[in-house]
Amino acid sequence: GQFTANTMALALTALGLSPMGLNDIPAVHPDKPEAARKAGEAVVAALKADRKPRDIITPTSLKNAAVAVTATAGSTNAVLHLLAIAREAGVSRDQFDIDVFDAVSRKTPVIADLKPGGRYMAPDMAAAGGARLLLQRLKAADMLDDAPTVTGKTLFEEADLASETVGQDVILSPDKPLKKRGGFGVLYGDLAPEGCVAKLAGHDRLFFEGPAKVFDCEEDCFAAVNSGGIEKGDVVVIRNEGPAGGPGMREMLAVTAAIQGAGLGDDVALMTDGRFSGATYGFMVGHVAPEAAHGGPIAFVQTGDVITIDIENRRIDVKADLKARMAQSFTPPEPKYRTGAFAKYARLVHSASDGAVTSFPFD
């Protein structure tokens with residue numbers, strides 16, 4: 001998408017950072033080389049011990065991962081990636097599907113005070129005690145199930161090795177959380193028969209209703225935000241950005257940063273068949289499926305239609321006769337690529353609700 005230096009400044013501002021010159025942003029954390037070396041050692045040790053990914057990637061470990069990312073108010077991308085990992089590892093829908101994230105989010109509090117909704121960055125969490133300390137907190141609250149890990153130790157054995165920095169306030173306890181509810185909501189309804197994912201981190205809203213402002217690509221919406229075409233109370237709709245329509249399901253970071261920069265972050269909602277960056281802040285609904293390029297309901301929404309987003313009741317609906325519109329012939333948008341890898345991907349890719357994988361062993 002259109003990602004200029006001004007957009008980067010808006011994104012940094014939304015994260016609570018100073019919009020410094022790009023040359024002032026450190027290229028890499030100084031501990032990264034050592035972390036990379038340890039990762040390499042772990043891979044070699046796993047190979048020698050014949051520990052394979054499918055020995056570790058199970059419904060239990062995937063659910064544990066969903067709990068951990070929920071407790072840190074992590075990105076909605078985790079939903080997409082964990083679903084994709086599950087499918088590639090041969091874990092079926094009835095063992096692990098998109099609804100797991102909603103169930104986990106309702107029971108798992110946010111206990112890591114991390115941006116964009118919190119105060120700290122990932123290196124601060126590492127200094128406080130890291131992932132082991134997070135796991136120790138979740139284990140103590142009986143929110144995890146023990147499982148093998150790539151190190152050869154079990155998850156609980158790794159959690160028991162945690163070392164907490166005295167006085168740290170990055171990772172809290174589940175009995176005194178930052179938020180009692182996690183950062184995901186999985187919704188269905190008129191606009192998402194196959195589901196979609198609401199991002200709840202960084203705000204407390206569970207309901208939004210307003211008129212749609214519809215755009216057929218990220219760039220058109222970005223231009224509208226910058227020209228004052230988005231108003232308080234609007235539900236911004238960006239379509240044709242899904243796995244096939246994108247193709248590749250682009251992150252809507254430029255648009256969401258521009259909305260924040262325009263001072264509308266608390267006053268509009270956004271829904272898309274694309275996805276969001278972990279840096280996205282606000283009431284956002286992504287991964288709407290089926291996507292517009294496949295004739296999903298989002299393709300038939302019109303500007304002015306009233307859209308209702310109801311997190312508690314797991315619904316995303318529109319006050320319009322979509323069935324009548326969908327009964328008419330549907331002409332998909334022209335493919336952005338007719339040859340090459342992108343064209344092949346667009347033809348093969350499955351729904352975002354199944355991880356946007358290009359092969360699916362359960363069909």
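## A pair of packed helices

At what angle do helix α10 and helix α11 pack, and how far apart are their axes? In this predicted model, the angle between α10 (residues 218–226) and α11 (residues 253–261) is about 10°, and the axes are 9 Å apart. Angles under 35 degrees count as roughly parallel, so that's the label for α10 and α11. As for handedness, α10 passes α11 in a left-handed crossing.

Which residues do the touching? From α10 come Glu218, Cys221, Phe222, Val225 and Asn226, and they meet Leu253, Ala254, Val255, Ala258 and Ile259 in α11. Sorted by class, this contact has eight nonpolar residues, along with one polar and one charged.

## The eight-stranded sheet

Now for the strands. Eight of them make up an open sheet with mixed pairing, and if you walk across it the order is β1-β2-β6-β5-β4-β3-β7-β8. At the edges stand β1 (184–187) and β8 (315–319); each has a single partner strand, so one side of each is left without a neighbour in the sheet. From one strand to the next, the twist averages 25°.

Let's look at the β1 end. Here β1 pairs with β2 (residues 195–199) in the antiparallel sense, over four bridges. If you'd like a spot to look for, find Val186, which stands opposite Val197 in β2.

## Two cis peptide bonds

Where are the cis peptide bonds? One joins Gly246 and Pro247, with omega at about -20°. Pro247 belongs to the loop between β4 (235–238) and α11, the helix that packs with α10.

Another cis peptide bond joins Ala289 and Pro290, and its omega is about 0°. To find Pro290, go to the loop between β6 (283–289) and β7 (306–310).

## Two aspartates with positive phi

Asp50 isn't a glycine, yet its phi is positive, near 60°. You'll find Asp50 in the loop between α2 (32–48) and α3 (53–56). Is Asp50 exposed or only partly exposed? Its relative accessible area is 48%, and exposed means over 50%, so Asp50 counts as partly exposed.

Asp142 also has a positive phi, about 60°, and it isn't a glycine either. Look for Asp142 in the loop between α8 (130–140) and α9 (155–159). With a relative accessible area of 67%, Asp142 is exposed.

Notes:
Residues are numbered from 1 along each chain as its sequence is written. This is a predicted model: local features need pLDDT of at least 70, side-chain atom pairs count only at pLDDT 80 or more; totals for chains, interfaces and linings use all residues. Side-chain values use heavy atoms; hydrogens and water are left out. Two strands pair if DSSP finds at least two bridges between them. Axes are lines fitted to C-alpha atoms, for helices over the stretch in contact, and angles run from 0 to 180 degrees between N-to-C directions. Angles under 35 degrees count as roughly parallel, over 145 as roughly antiparallel, 65 to 115 as roughly perpendicular and the rest as oblique. A crossing is left-handed if the near helix is turned anticlockwise from the far one by less than a right angle, and right-handed if clockwise. Contact means heavy atoms within 4.5 Å. Ala, Val, Leu, Ile, Met, Phe, Trp, Tyr, Cys and Pro count as nonpolar, Asp, Glu, Lys and Arg as charged, and the others, Gly among them, as polar. Buried means under 20% relative accessible area, exposed over 50%, partly exposed in between (1.4 Å probe, protein chains only).
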